[in-house]
Amino acid sequence: MLRFWKKRFDEGLKTEGLEVDNEIKKIKKDIKESIKKRFAGSLAVRMVDSGSCNACEAECNALSNPYYDLERLGIYFVASPRHADVLLVSGVNTFNMQDHLIEVYEQLPSPKWVITLGDCPFNLSSFDKTFAIKGEVEKILPVTHHIKGCPPEPSYIIKGFLEFLKKI
Amino acid sequence: MRLVARFANDNIENFEIIDIFEDKTVKTIVPKSNPVIKSITKKYPAAIWFERKIKDDFGIKFEGSFDERELVHHERFPKKVYPMRKNFDGKVEFCKFEPYEYEVIKGDGVFEVGVGPVHAGIIEPGHFQFSQEGENMLHLEVRHFYTYRAIEKMIEGKTPFEAIEIIEKISGIESIAYQAAYLDILSQSSKVELPMGVKKYNALLIELERVIHHINNLGFIPNDAGFAPALAFCSQKVEEVRRILKDITSHRFGFGAIRGNSVGFDKDKFLNFIESIEQDIKWFKDWIDDMPSLWDRFDTTGILRTKNALKYSCVGVVARASGLKTDMRNNEFYKKNGFKMQREKSGDVAARFNLRVNEVLNSCAMIKKFLDFDIEKIEFGDLHDGEYSSFVESSIGELYLYLKIKNGLVDRFFARDPSFINWQAIHLMMSGNIIADFPLINKSCDLSYAGNDL
């Protein structure tokens, strides 16, 4: 392990986008009261893939890498919908996933919000509507915010979260 | 003789079953009045998902099949609706919920654990049904097709060029491999050879995709054994390679990257970068090699024996870690550019981990050779009707695409993701392991859900 720590100290801090920190500091100040009341200072996100190609998932995983380190902003992904404030939905909402998606949403404690991620849940991206695609997550869940892109890059997802915080 | 795929076509007047083996193709006509054909699952157990899928899609029955449950159509999918038939009207409504009967082991003290389709991490949907005897796994049934988008049907009736944008998004992490395989089909159909410059450029991008996928996996395997620093290190490297991929293709996953032309970029900077990645991976290997507690988890966990890998027609990393020589890159073009077949013997998590390390290093060596590509462009002529197929070694394993063009439009598209085969072998890795080892075993194979489900 010693050589890991040596490399770690030699290379220094990798995290980028410190200006985002300042921005969230400002937003936090603005909505301090409501965040305190609603999220106890941190935002818990549960992600569900409703039929995506796995690129959106890969970008969400990338949010935890040392370059972005999303958790420092107080936003983190949780393992159960029952721990979450926000449901993050990617994918085209397939025939086979729709029931499970609604079930997950019902498991979230109130107050709860839905954010859609990537073009798929919004306009199916390049896909056409088939019998196996239900599409339009908006029609079955109350979507508060949409983060566009195919897939949205990690820095864009972070900005999306900030915009969402401003909205509510 | 390895089974590659088994699928069906609707020829209007009859059905046709196409069996693709490693070295031959067999076509069988099935009359519509009595759509029954013999099952080949006795000899090729991995044919069972293909046959269940054909049954769901076309309503063709298989004589002597050991499993007749639905595969692609889930609990609320209407019965006797066959979407891949040409006369399908495109309408499917939710039906009454009919429970799916899982394949389980029964007995005193044996219990079941159901996991999914929504998992605890940021991961695609799929269901795993374990039969447990205390901590020990007795059996696992993998149930997928939650992300089933009916892509085969979606593409029918489009022009072959229109289909590219859908095919590149079948499985995001293998996008470049899918695009390369499809470009190969287009070039076959227009009877134009891919220029060497384009061939090398495509191969370079495929290897870069493999480097990303493998390094990502090298981080996640130790992470699933409770060693997070490895993920922190590898996810950082993955990010760096993704950014380079974006520099070259202007997309982090290479969507739209392979369209039949090679594009120039700063090769010196790129070469330095690939060399730094090589150094980092060697450093990473030394570091992980020194962790006895990790190897305690990796060694002898999730063993897939060579004879089972062979029996289940396994492909890709899973097959090579069990000692099989299954690699689509084993040809003159790749060998000339430094390809060396990587293999391991033990077939456990450790073997798949080591194999990935060696493959990343080999890929880096090949990328350096591919760098001397020329800027060229393929001039597509008219596309000719006919049947075309292509094989590409994606980061998971052998990818097979099939396209039938009729009157200039897509009549049938079929894709067999490497995951489709390997998922069927995963239950063989469970015996003798505890349920806590499952994430580790699953991650070491790192299969795609979206590519499998289509």
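Which residues of S4(A) are buried on one side and which on the other? Trp113(A), Ile115(A) and Leu117(A) are buried on one side, and Val114(A) and Thr116(A) are buried on the other, so that both faces of S4(A) are covered. Here a residue is buried if 20 or more other C-beta atoms lie within 10 Å of its own, exposed if 12 or fewer, and partly exposed in between, with C-beta atoms placed from the backbone. Since 5 of the 5 residues of S4(A) are buried, the strand is largely enclosed by the rest of the structure.

The model is predicted: local features need pLDDT of at least 70 and side-chain atom pairs count only at pLDDT 80 or more, while totals for chains, interfaces and linings use all residues. Residues are numbered from 1 along each chain as its sequence is written, and chains are lettered from A and ligands numbered from 1 in the order in which they are written.

**Chain A**

Chain A has 8 helices and 5 strands; helices (H or I, at least four residues) and strands (E, at least two) are DSSP runs, numbered from the N terminus. Of its 168 residues, 42% are buried. The 5 strands form an open sheet with parallel pairing in the order S2-S1-S3-S4-S5, where two strands pair if DSSP finds at least two bridges between them. Strands S2 (75-77) and S5 (143-147) of chain A stand at the edges with a single partner strand each, so one side of each is left without a neighbour in the sheet. From one strand to the next, the twist averages 30°.

**Chain B and its domains**

The domain assignment of chain B, which is automatic or from a database, gives domain 1 (3-101) and domain 2 (157-453). Their C-alpha centres lie 28 Å apart. The contact between them takes 10 residues from domain 1 of chain B and 11 residues from domain 2 of chain B; two residues are in contact if their C-beta atoms, placed from the backbone, lie within 7 Å. On the domain 1 side, strand S1 (residues 3-10) of chain B gives the most, with 5 residues.

**The nonpolar core**

The largest nonpolar core has 176 residues, and those with the most contacts inside it include Leu87(A), Tyr182(B) and Leu401(B). A nonpolar core is a set of buried Ala, Val, Leu, Ile, Met, Phe, Trp, Tyr and Cys residues joined through C-beta atoms within 7 Å. Helix H5 (residues 196-224) of chain B provides the largest share of this core, 13 residues. Both domains of chain B give residues to this core, so it lies between them. Leaving aside neighbours within four places in sequence, Tyr182(B) is in contact with Ile164(B), Ile167(B) and Leu401(B).

**The contact between the chains**

The contact takes 38 residues from chain B and 42 residues from chain A. On the chain B side, H6(B) supplies the largest share, 5 residues.

Definitions and conventions:
Axes are lines fitted to C-alpha atoms, for helices over the stretch in contact, and angles run from 0 to 180 degrees between N-to-C directions.
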